[in-house]
Amino acid sequence: MANIKVYVPRDTTACSLGADSVAVSLQHYFSNNDIDCEVVRSGSRGLYWLEPLIEIETDSGRIAYGPIGPNIIDEFIAAKCWKINKEHWSYLGVVDEIPYLQKQQRVTFARVGVIDPLSLSDYENHFGFSGLKQALDMSGQEIVSQIKDSGLRGRGGAAFPTGIKWQTVLDTESDQKYVVCNADEGDSGTYSDRMLMESDPLCLIEGMTIAGIAVGADKGYIYLRDEYPLAFTVLEEAIVLARNSNFLGENILDSGKNFDLEIRLGAGAYICGEETSMLESLEGKRGEVRPKPPLPAIKGLFGKPTVINNVISLASVAAIIVNGASSYQNYGVNRSRGTLPFQLSGNIKYAGLVEIPFGVTLKDLLYEYGGGSRSGRPLRAVQVGGPLGAYLPESQWDTPLDYEAFTSIDGMLGHGGIVAFDDTVDMSAQARFSMEFCAIESCGKCTPCRIGSVRGVEVIDRIKAGENSVKNKELLLELCDTMVTGSLCAMGGLTPYPVRSALEHFAEDFESGS
Amino acid sequence: MLQYYDPNKNSQPGQVIDPRRDYGTPAISIDADETVQLVTLSIDGQEVKMPEGTSIMRAAAHLDINIPRLCATDSLQAFGSCRICLVQIEGRKGFPASCTTQVEEGMIVRTQSQETAKLRRNIMELYISDHPLDCLTCAANGDCQLQDMAGTVGLREVRYGYHGENHLDAVKDESHSYFTFDPAKCIVCSRCVRACEEVQGTFALTIDGRGFESKVSAGQNEAFMDSECVSCGACVQACPTATLMENSVIENGLPEHDVVTTCAYCGVGCAFKAEVRGDQVVGMVPFKGGKANRGHSCVKGRFAFGYSTHKDRITKPMIRNNIDEPWQQASWEEAVEFAANKIKTIQKEYGSDSVGGITSSRCTNEETYLVQKLVRAAFGNNNVDTCARVCHSPTGYGLKTTLGESAGTQTFDSVEKSNVIIVIGANPTDAHPVFASRMKRRLREGAKLIVADPRRIDLVKSPHIDSEHHLNLLPGTNFALLNALAHVIVREGLEDKEFIELRCEDDAFLHWKEFISDPKNSPEAMAQGHWSAGRAHYCSGKTLWKSR
Ligand SMILES: Cc1cc2nc3c(=O)[nH]c(=O)nc-3n(C[C@H](O)[C@H](O)[C@H](O)COP(=O)(O)O)c2cc1C
Ligand code: SF4
Ligand code: SF4
Ligand code: SF4
Ligand code: SF4
Ligand code: FES
Ligand code: FES
């Protein structure tokens, strides 16, 4: 029998569910019994309710089984599932035909879960580095124009057009420029950055290198949150691989162009995901927000022009270069072009990563993909866009997933995190949590956020206690206005959105004794 | 002084200032010969022309429009943290901070409206919800910007109450003999932290923690006295509240007037406002109009003014006929007449050259000038000297001979524009701390530093300062080093020929050139020790820098 490949994900979630020990068990079994099977540590497909998801390579595609935790692996082996046992309860059929995956349009996540993240040949066999090779033959302006034409907007939250940002850096003359990747992924309910870095690290490296070549930067930093140790290990190895094969470093692929990368770890502050705080932190200082202007694209890291992009923004770049701006631009609606990897979590049946073009409604995402609540009770509220995103009531779930459509309902898509709550949720507690989160995570520089968030918690407590409830609700709304208009950055400026939305759409939860 | 740098020479709008006012943000730094784009904008219906790069806040100040502010002061870069200074700009959404937003052509700014008023009041309300309510007994009462701003924005109530989370129990730090740190009154504006960094360059302070826990910390949560603090007082001066306060003011109360004077401690010549109550000095605040110090000072001038009212200080003239007699108090008329008579008698008996005058190096230039005048006009001779010459006659002679003037050829301000700074045989952080602070600021901006000194002085490596080279030569070899440098310059034809043509006498220069080109002045020869042969010139306390 030919060598059979058995794929076991090496992804933080899968590993937390025992994927490492599953891989070891399989390995032992195969070698002890002289079976010509190879265990490959791939990334995750992002179907988290099925993790650890094991895939067996066959002529008709990869056959999936899941969830196969360490307590099941012996039975799995005994049932000869690795030889394809269609009768086994965990048999899922061809992985690409699982509807959850089949319905998606995986553009940025095309390789995620498919390849061995640390195999250069796997990567190259899946169009890896074709974007870079093409970019090396293009002028900076040509690359930037492609990105502009693709309609790609920043996936870190603010949705600023990536090409325009790059243009500014390209146009700003300087002896030194930088590319910084924001991998601080602090939003609650988000994990697409982590998945990409763990499952397809070379894609990020390629994207950053293209960015560097496009704007004339020869040095890049990945600002990675410290809570992602596996992503760190994988990225570090991937950087070495890329460097050893001259995809990074000096005179990349004999093009005469240079670009190299370094990873810097954060220290557990949410605010260091805000780009100017991140720059301060990268410079070795306390993570404190800088006023803008000057824009980081003009005066960024160490005062030099700097491209700052989210992991997903940068990971989308190579595919745009390979497939052309219009192929990316063809996805999506209105001014929201391309795809966004949404991340379902919270009280949801099928939590996982869903990369689809903009335009689908939130409701479809929640039910068609998410399958409704996990508890079986009715869903009541959904927070989209991380801890600074609004809580949306059912009446707003028909909104299409489109940046502007969400803005028009005072919501935001942000980094694509979607957290669902069923009808047992206490929305005043959620509102209080938003203020509390801000109080804990505020950098402390500006007054509306530093003191306002603390007072916000206190005022909500008073409302709940029935103390002067009408006056205190007025005060809370006025405080929200002060924070929105007065704060220096979006931390204090957006915290009121979830609070206001809870108060507006779930007013009954703010009655005393409720 | 020829071709010296004077920041005020370029009298663009917004550059020439009234040193007693605070314009909120610093003027942009421009050379005398630099042209800057002027932009015209309108603020509250009044037009003003300002150089590009100026903040809206500063532009407004020139129209006498005082935008409320707490975290901004014109000795520090704009920071944008208090959010009291928010304004409206036509065509822009939101409320940009006037301290961090720069003027632009055609901008239409409104500094007052119902919305801004409400916003400012609501922000002030947040401040006061975490502030002790003891203005009447507070040491800063009457000189507190928080108090002023609460009044300016019309704060009338604090709807949050005063029992929320707060810092009122924070413990005072009284470790420092000259000032007290009372964190209960701190509004976390970071002015102290920034002053310690930007103005003084010591980096003793930081903000520790984040969010509501953010607090000013000396060193790593140490007492001020145990931290790296060098007691310059810049933080105290920058603090808008009573949080950092001079002990002299805590003990005595605020001054009722001030007198601008010059510090008598060292040759830097810092200008101060002596803050006075009656005849008692309660504070010495560095004066922004001072050309040497531009509003900064060191610990001596700032805090060590106890001598001015010390009981041992002699404030009345005293006379005695000879050294064995006790001193007798006298009136000024008596004393002057006595002295005049004695001098005249001596001159009559021993000739007019028999008397002279010496001034101390601690005298100001003005005082020294007056003494010289007295000697020349009244004594009728040239017997006048200053003790500075005793240490500095070699310096003075050398400078006079080579550069035509026995004094520095540049203003202190010029260091702001230097790209390479060479420090030879001087230790500015210790000896001339105020100048050192100004130099360090420029070094942090990227100027290169070369230190030639046997000692590893502070400047060689200190926070955010790293000298490009430290040549720790042997004591007594400064001169050899300079000659070797000059030798190479001449040998490789790197001298500034245009300058030489314009400023040097041909013969003298050729003579020098011949001398310096001698191989025995080459670095190679110097390294072999030939320098010691017969040229024992001791070169000390000389700070040289190269402008641009
Ligand atoms: C409080 C706060 C936290 C943020 N955290 C992140 C983060 O974790 N990751 C991220 O990519 N962007 C984050 N952002 C957005 C960044 O400031 C910035 O807009 C983004 O990195 C730019 O990249 P993009 O244009 O590719 O999205 C945060 C913003 C704020 C205000
Ligand atoms: S809004 Fe909050 S996080 Fe942002 S600058 Fe102000 S204090 Fe810092
Ligand atoms: S610091 Fe200012 S506002 Fe605070 S108590 Fe003192 S005078 Fe009043
Ligand atoms: S006195 Fe001077 S050195 Fe000390 S903390 Fe204040 S600013 Fe820094
Ligand atoms: S001590 Fe004074 S200057 Fe420093 S942060 Fe507090 S209030 Fe501001
Ligand atoms: S003075 Fe502008 S934000 Fe404080
Ligand atoms: S000369 Fe005394 S403080 Fe500067």
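Where in chain A does Asn334(A) lie? Asn334(A) sits in the loop between strand E10 (332-333) and strand E11 (336-337) of chain A. Asn334(A) is not a glycine, yet has a positive phi of about 45 degrees. The model is predicted, and the predictor assigns the complex an ipTM of 0.93 and a pTM of 0.91.

**Confidence**

- Chain B has a mean pLDDT of 90, with 94% of its residues at 70 or more.
- Residues 530-548 of chain B stay under 50 in pLDDT. For this stretch the model has 44 contacts beyond four places in sequence.
- Where pLDDT is low, the predicted coordinates should not be read in detail.

**Five-stranded sheet in chain A**

- Five strands of chain A make an open sheet with mixed pairing, in the order E13-E12-E16-E14-E15.
- Strand E13 (353-357) and strand E15 (391-393) of chain A are the edge strands, each pairing on one side only.
- On average, neighbouring strands of this sheet are turned by 30 degrees against each other, direction ignored.
- Within the sheet, strand E12 (residues 339-346) and strand E16 (residues 417-422) of chain A pair in the parallel sense, over four bridges. Leu344(A) stands opposite Ile418(A) in E16(A).
- Helix H18 (residues 427-441) of chain A packs on the sheet and touches strand E14 (379-384), E15 and E16 of chain A. The direction of H18 makes about 155 degrees with that of E15(A).

**Three-stranded sheet in chain B**

- Chain B has an open sheet of three strands with antiparallel pairing, in the order E9-E10-E11.
- Its edge strands are strand E9 (257-262) and strand E11 (280-286) of chain B, and each pairs on one side only.
- From one strand to the next, the twist averages 30 degrees.
- Strand E10 (residues 271-277) of chain B pairs with E11(B) in the antiparallel sense over six bridges. Lys273(B) stands opposite Val285(B) in E11(B).
- In general, strands of a sheet pair through backbone hydrogen bonds, either parallel or antiparallel.

**Cis peptide bonds in chain A**

- Glu51(A) and Pro52(A) are joined by a cis peptide bond with omega of about -10 degrees. Pro52(A) is in the loop between strand E2 (37-42) and strand E3 (54-58) of chain A.
- A cis peptide bond also joins Pro293(A) and Pro294(A), with omega of about 5 degrees. Pro294(A) is in the loop between helix H12 (275-282) and strand E9 (306-310) of chain A.

**Aromatic pairs**

- A search of the whole structure finds 24 aromatic pairs over all chains.
- One of them is the stacked pair of Phe129(A) and Phe247(A), at 3.6 Å centre to centre and with 5 degrees between the planes.
- Phe129(A) lies in the loop between helix H5 (120-125) and helix H6 (130-136) of chain A, and Phe247(A) in the loop between helix H11 (229-244) and strand E8 (260-265) of chain A, so the pair ties together parts that are 118 residues apart in sequence.

**Ligand surroundings**

- Ligand 2 is surrounded by 13 residues, of which the closest are Cys443(A), Cys446(A), Cys449(A), Cys489(A) and Gly492(A). By class, the shell around ligand 2 has eight nonpolar, four polar and one charged residues.
- Ligand 5 is surrounded by 13 residues, and the closest are Cys186(B), Cys189(B), Ser190(B), Cys192(B) and Cys239(B). The shell around ligand 5 has nine nonpolar, three polar and one charged residues.

Conventions. Residues are numbered from 1 along each chain as its sequence is written. Chains are lettered from A and ligands numbered from 1 in the order in which they are written. This is a predicted model: local features need pLDDT of at least 70, side-chain atom pairs count only at pLDDT 80 or more; totals for chains, interfaces and linings use all residues. Side-chain values use heavy atoms; hydrogens and water are left out. pLDDT is the predictor's confidence in each residue, from 0 to 100. Contact means heavy atoms within 4.5 Å. Two strands pair if DSSP finds at least two bridges between them. Helices (H or I, at least four residues) and strands (E, at least two) are DSSP runs, numbered from the N terminus. Axes are lines fitted to C-alpha atoms, for helices over the stretch in contact, and angles run from 0 to 180 degrees between N-to-C directions. A residue is near a molecule or strand if one of its heavy atoms lies within 4 Å of it. Ala, Val, Leu, Ile, Met, Phe, Trp, Tyr, Cys and Pro count as nonpolar, Asp, Glu, Lys and Arg as charged, and the others, Gly among them, as polar. Rings of Phe, Tyr and Trp (its six-membered ring) pair if their centres lie within 6.5 Å; planes under 30 degrees apart count as stacked, over 60 as edge-to-face and the rest as tilted.
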